Amino acid sequence: MIVFKRMSALLLAGVTIMAAAGCGSGGGDTTASAGGADDGKITMGFAQVGAESGWRTANTKSIQESAKAAGIELKFSDAQQKQENQIKAIRSYIQQKVDVIAFSPVVESGWDNVLKEAQTAKIPVILTDRAVDSADTSLYKTFLGSDFVEEGRKAGKWLVEEYKDSTDTVNIVELQGTTGSAPANDRKAGFAEVIGAESKFKVIASQTGDFTRAKGKEVMEAFLKSNPDIDVLYAHNDDMGLGAIEAIEGAGKVPGKDIKIITVDAVKDGMQALADGKINFIVECSPILGPQLMDLAKKVVAGEQVPARVLTEETTFTPEQAKAALPTRPY
Ligand code: GYE
């Protein structure tokens, strides 16, 4: 009833307004550009870590494509895994007076000064993918990315389940991500927390492979030389795991059988190795952060409140699940 009454009132009012406006636009769908929201395009400066892995390549693609789709002008830089390059890029974005700065900090510490410079210049900052350890959280608007500790726990839980009927010692080697990076610190911590509950699990060697295939191979070769009895490899990303597979095969061992392998990311090459039985379990970490980032950027530039932490949704994969997912895997 109320609806009906209101509708007739609106119809009447509409007739009056249309008459007054000389039968203007009618449709009423043209309000999207009202309020000058589209005046001046948003410019984003994005300081990327590098191109160290399949994950990173997919992440860069997602950011570039989403900026285009969102009508955001993107200034993009690749820091080649060096913090000083990222700091330089951020300073240049400040100088260019971009509307918003987003970046994926290569390591967690050492960002306070440059973040303060952005704050003084009133340019909002969004952390993407990796966190910083700054005590002052007002230096950035939000942090969009995965829960790396949880990823490490998922890897550990699979291992506990896999060896639940065994009382023998399980010798584990670990290929860590970039030293000092959030995913390396957190994936190590989450894994250690879970396996630490059972004394049969022993991490006999743990070293960085810098998230690259080449380093993963090199470090695994060294692990194999000094440790004849490796049961499990936990690699903080697929690329290092894939490099390690080459080292394991080179040493005459069978990856996935003689040495069980757990990795993180679930990019196509990793998923293929999982489907082929060379990797045993992958914890997913999604690189598709672009659409959410552009959405947050628009809100932040408009001065809207955004949540301090935006988490990515993720799953895990067994070989069977990898086979099913591969044909439609976009990256
Ligand atoms: O897992 C790895 C990449 O920060 C989540 O960085 C990202 C990690 C990812 O090099 O492959």
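**Reading the ligand site**

Mentor: Let us begin with one contact, keeping in mind that this is a predicted model: the side chain of Ser53 has an N or O atom 3.0 Å from an oxygen atom of the ligand.

Trainee: Which polar side-chain atom lies 2.8 Å from an oxygen atom of the ligand?

Mentor: A pair of N or O atoms is taken as a polar contact within 3.5 Å. Arg187 places a polar side-chain atom 2.8 Å from a ligand oxygen, and for Arg130 an N or O atom of the side chain is likewise 2.8 Å from an oxygen atom of the ligand.

Trainee: How much of the accessible area that the ligand has on its own does the protein cover?

Mentor: On its own the ligand has 300 Å² of accessible area, and the protein covers 100% of it. As for its location, the ligand sits in the largest cavity.

Trainee: Which elements give two or more residues to the shell around the ligand?

Mentor: These are helix H2 (54-70) and helix H6 (182-195). At the level of domains, the shell draws at least three residues from each of domain 1 (43-146 + 287-314) and domain 2 (148-285).

Trainee: How do the residues of the shell divide into nonpolar, polar and charged?

Mentor: The shell holds 5 nonpolar, 2 polar and 6 charged residues, and of the 13 residues around the ligand, Glu52, Asp129, Arg130, Arg187 and Asp265 come nearest.

Terms used: Residues are numbered from 1 along each chain as its sequence is written. This is a predicted model: local features need pLDDT of at least 70, side-chain atom pairs count only at pLDDT 80 or more; totals for chains, interfaces and linings use all residues. Side-chain values use heavy atoms; hydrogens and water are left out. A residue is near a molecule or strand if one of its heavy atoms lies within 4 Å of it. A polar contact is a pair of N or O atoms within 3.5 Å; within protein, one must be able to donate a hydrogen and the other to accept it, and residues adjacent in sequence count only if both atoms are side-chain atoms. Accessible areas come from the Shrake-Rupley method with a 1.4 Å probe; for residues, only the protein chains shown count as cover. On a 1 Å grid over the protein atoms alone, a cavity is a set of points where a 1.4 Å probe fits but cannot get out, and a pocket is an open set with protein on both sides within 12 Å along at least five of seven lines; lining residues have an atom within 4 Å of a point. A molecule sits in a cavity or pocket if more than half of its atoms lie within 2 Å of its grid points. Helices (H or I, at least four residues) and strands (E, at least two) are DSSP runs, numbered from the N terminus. Ala, Val, Leu, Ile, Met, Phe, Trp, Tyr, Cys and Pro count as nonpolar, Asp, Glu, Lys and Arg as charged, and the others, Gly among them, as polar. Domain bounds come from an automatic or database domain assignment.
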